[in-house]
Amino acid sequence: MASKKPKDEPPKEEPVNIVAEEPVITDTEADNKSKVVDILLCILCDKQVRVPKCLPCLHSFCEPCLTNYVEKIIKDSPGKIEIHCPECKMMVFQTLGKLNAKSYAENLPIGTVCSTLLCEPAIEQKVCHFNDGCTREAVKWCGYCANALCLDHMDLHRQLTTMKIYHPTIDLQDATKLRFPYQKCVHHPKEDMAFFCPRDWTTTCNICGKIQHRTCYFLNKGVLQISEVAPEIKGTHTTKELDPKLDFLESESQELSDDRKHNLQRLDEQLQTGKDNIIIFRKVMDEYLNQIEQNLNEELDLKYEKVKSDLEKEKMIIDTRLRTVKYYKLMLEAIHSTSTSLQSVTELAKLREQTENINCDIQQRKRTLKRTNLSVQPVHDLEKALPKMGSVHIKEFGRHLGHWTLRRSKSTLYN
C-alpha cells in the first residue's frame, strides 16, 4: 500500500530541462558540429542511460556499456591498461596488473544525479521499466538500476541482484527522496565517505579525515559529519561560485573553439595562395622546374595536412571541454533542483573539483595557444638555388585572449 503524503511536503518543483538549450545558430557556430549536451544520454549506446555509473570526471554511462568499453580496452592493451572517459577523454584509471571489466564497472559509484532525474518521468508514467514488454503499473523504484518496477518484476529483480551490490529501493511516489548509500573510500574500502572537510571542500572517510585532514582541526572545525553540513551546503558561498565559474569556462572554451575554427578557415585560403605562388615561380623556371614544382607541392601538401590535423585535433579537444562545461552546468542545475541535501554534499564537492580541473586545462591552453600560418616563399638567386625552387614556412605566434581570473595549482589528467 502506498505511503501517505506528508503534510508538510514542499510544493512540487518544475521538471528540470535536462538538455542544454541551444542558442540561435550563427555563422561562427554553424560548422561547429558539437553534440547537444544531455545528462541522461549514454554516448556509448546513444540511448537513455540505464544503471547509470559515474566516472571520476562526473560523466555517466550505462553499466553494461562501460563493461563492454573496458573489455575492449583490456583486449587492445596487453601491458599497461589506461581507461579514458569516452566523452571528455580524461584518464580515469590505469594499472599494470589484471583488470576485470565487470567488477570495475560495478564498483563505480552510482550516477545519483541521473537516477534522480530519471525517476521524475517514471513517477508520472507509472509504467514498469524492467523490460520493454511490461505494461504493468510500477510501484517501486530502484536507485541503482534507475528503473521503475511492478510488483512481479520487483520480486524477479530481487532474485537477480547479488548480495555484493546494494540496490536502494523505495516506493515510486517517493523516488525523489531516495537516500543513496555513502560511497566507499578508495584507500579504506570498508569505510564510508560520510565526512566532509569544509576547508578542503571534499568528502572523506573517518580514517582519512584523521590522517590527511588532521591540520584542518587546527585551522578550521575539522571534518564534520555530512549530515551536519548537508542542510546548508547548497547555500554556501563556494557553491554559489560554481554558476559564474562555469559560465566563464563555457565562454573561454567557446572562444578557443572559435579561434581554432577561424585558423582552419584561413589555412585553406593560405593553401590556395601558396599554390598560386608556386605557379608564378614555375613560369620563371620554365620546364626545367617541373620536377622541383612537384617536390614543392608535395612538401606543401604534407605540411598542410600536418598543420590541419594538429589544429583539428586541438579543436576537437577544446570542443570536448566545452561540452563538459555545459554538462557540468546542467548537472549543477540538476543538483540544485532535484538532489537531496545529503546527496548534494558529495556531488557538489566532486563537481567543484572537476570544474577546477577543467579550468586549469583551459587556462593552460590559452597561455600556450599559437596561431599557425602556412605560406610559400621563393628563394633568392634561383639559378644558384637550384634544384630547390622554394620552401614552405609554418609560423606560430601567441595571441592574448584575455585575463586569467581562475587559478589552480593541482595538475590535470586531461590530455
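Is Cys114 buried or exposed?

Modeller: In this predicted model, Cys114 is buried, because its relative accessible area is 1%, and a disulfide requires two cysteine sulfur atoms within 2.5 Å. A search of the whole structure finds 0 disulfides, and Cys114 is accordingly in none, the nearest cysteine sulfur being that of Cys54, 7.5 Å away.

Turning to the aromatic rings, the count comes to 2 pairs. In one of them, the ring centres of Phe93 and Tyr104 are 5.2 Å apart and the planes stand at 50 degrees, so the pair is classed as tilted. This pair links distant parts of the chain, since Phe93 belongs to strand S6 (residues 91–95) and Tyr104 to helix H3 (residues 101–107), 11 residues apart. Phe93 counts as partly exposed at 28% relative accessibility, whereas Tyr104 is buried, with a relative accessible area of 10%. The rings of Tyr327 and Tyr328 have centres 6.3 Å apart and planes at 65 degrees, so this pair is edge-to-face, and both Tyr327 and Tyr328 are buried.

Definitions and conventions:
Residues are numbered from 1 along each chain as its sequence is written. This is a predicted model: local features need pLDDT of at least 70, side-chain atom pairs count only at pLDDT 80 or more; totals for chains, interfaces and linings use all residues. Side-chain values use heavy atoms; hydrogens and water are left out. Buried means under 20% relative accessible area, exposed over 50%, partly exposed in between (1.4 Å probe, protein chains only). Rings of Phe, Tyr and Trp (its six-membered ring) pair if their centres lie within 6.5 Å; planes under 30 degrees apart count as stacked, over 60 as edge-to-face and the rest as tilted. Helices (H or I, at least four residues) and strands (E, at least two) are DSSP runs, numbered from the N terminus.
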